[in-house]
Amino acid sequence: MIVAGCDVGSLTAKAVILGDDRVLAVRIGKVKSRPEISAREIMEEALKDAGLRMKDIECSIGTGYGGKQVPFAGEAVSEIACHARGALWLLPSVRTVIDIGGQDCKVMKLDRDGRIVRFATNDKCAAGTGRFMEVMARVLNVGLDELGDLSGRAKKQLNLASTCTVWAQAEVIQKINEGERVEDIGGAVNNAMANRIVILANTVGVENDVCMTGGVSKNKGVVKGLERLLDIRVKKLRLDPQAVGALGAAVIAGERRKGGGEQ
Amino acid sequence: MIVAGCDIGSLTAKAVIFKDGEMLSSHLMKVRSRPDEAAVEVMNEALSKANLTLKDVVYSVGTGYGRKRIPFADETFSEIVCHGKGAHWVLPSVRTVIDVGGQDAKAIRLDAGGNVVKYEYNDKCASGTGRFLEIMADALEIELEEMGDLSLKSDAPVRISSQCVVFAETEVISLVNGGKEIRDVVSGLHKAMAGRIASLVRGIGMLEKEVMMAGGVAKNKGIRSAMEDVLGVELAAVKCDPQLNGAIGAALLAGEAAGKKQPAG
């Protein structure tokens, strides 16, 4: 049975194809001008990797910011449900899923049966979302993917006093002007991000095992900061953490096809 | 007896000179680099307008974000206290003061004597502060000063759904790219900002008679109109520059302190 999930976020589109509960293809790409174009293109790429065609897919589900615009999806399912389902599929012992996207952050708590018992989300404030990291990477003149490694090279502990992205940006500029090293400032940025997520995570209560999904989970500095602040270990996933939402969508598509597994 | 008030904000420095309860002169300028230098410069400008020098000042009070860096200040007071004092002098019937500065916003409730009864304050989030408008003016490639007039020409304000400055910036750009008129977007921004400030005002329990706005943002006619709509009141017209309100309060407090130190007459 071939099923697919497509997650169209604010910045990236993701497609996952499952064949008999095995991952056949995973694709992540930048979003295009419109969500439906992003969805179709990323799915075509995934299909090509798997040596399949669109008509081979028996059921597909869309999710994410543009989830309702996925033209080939039979249904759109919430990101919360998809991220939780994807994380659970990869790590059956997972109880807490922290998903940090390009412009939101979600923390979901699952029970032993994998049902979502609590969740908290922030999409109102850019602080604590990928957007915060984007703004800071731009000010520090480093790539978004380089920001995480700065923490490891930091020698001096710096702090950002502001929560607000706008004020924190001004603080970062001030620190640059004061001659602070980019590595040290980057470390402070990653810690500030971790601090913000901890506040959200604590509203649902973090329980082991914990995993992270979304682009920011590739940032080692933020992950280390979270592990330290929450006194936990973030479990590694065997799939690109950015594709977990799409994976969850595909898993749910499989369950729909079988006629069960209501999430 | 000459006294002075100096308000060093995040963006502008203000100084006023009082003699026996009357305002002699004032000056307002941008803070270019260091707050201590700005304080000296703005005070000297205000003094020279009144043909005075710092030696003539019996007592001076500092306030604002940079109040601890004013080298000549005899004493400092919080902006809340100074805005309350200033507002009461400007308009004795005022009970609610809404001060929106470059990096913060405050709502202050006063009693009949001009004493602060309650206040709410936001400096944590850039939304609802002057910075919000600055960033939006930049994004729209228009001047901050023209936003007010521009928005009053709008008859179809666009609803801005983002609260966060960072998200609103993106939203605004896509609205303009999607063909919305700039005046309608600006009008929508003023409504959104007024909504944020109104939540502070509700927090203090607004007293309708009278409500006044202070700070640089109070000069924006679009914001004033949006505030009136959202609060359902008419904002009081005031006799002096609303941006000087904090410095006026500081000068009045300086007058009180000087009066205690060496009784007038």
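Predicted model: local features only at pLDDT ≥ 70, side-chain atom pairs only at ≥ 80, totals over all residues.
**Chain A, domains.** Select residues 1–91 together with 238–263 for domain 1 of chain A, and residues 94–236 for domain 2 of chain A. The C-alpha centres of these two domains are 25 Å apart. Where they touch, domain 1 of chain A contributes 15 residues and domain 2 of chain A contributes 21 residues. To see the domain 1 side, colour α2 (79–90) and α8 (244–258) of chain A, each of which supplies at least two residues there. The most come from α2(A), with 6 residues. By class, this side of domain 1 of chain A has 8 nonpolar, 6 polar and 1 charged residues.

**Chain B, domains.** Now select 1–91 plus 244–265 as domain 1 of chain B, and 92–237 as domain 2 of chain B. Taken over C-alpha atoms, 26 Å separate their centres. The contact here involves 15 residues of domain 1 of chain B and 20 residues of domain 2 of chain B. Pick helix α2 (residues 79–90) of chain B: with 8 residues, this helix gives the most to the domain 1 side. That side of domain 1 of chain B divides into 6 nonpolar, 7 polar and 2 charged residues.

**Between the chains.** Finally, show both chains; their contact takes 11 residues from chain A and 9 residues from chain B. On the chain A side, select α3 (130–140) and α5 (165–177), the elements that give two or more residues. The largest share, 3 residues, belongs to α5(A). Coloured by class, the chain A side shows 6 nonpolar, 3 polar and 2 charged residues.

Definitions and conventions: Residues numbered from 1 in each chain as written. Chains lettered and ligands numbered in written order. Domains from an automatic or database assignment. Contact = placed C-beta atoms within 7 Å. Helix = DSSP H or I, 4+ residues; strand = E, 2+ residues; numbered from the N terminus. Nonpolar A, V, L, I, M, F, W, Y, C, P; charged D, E, K, R; others polar.
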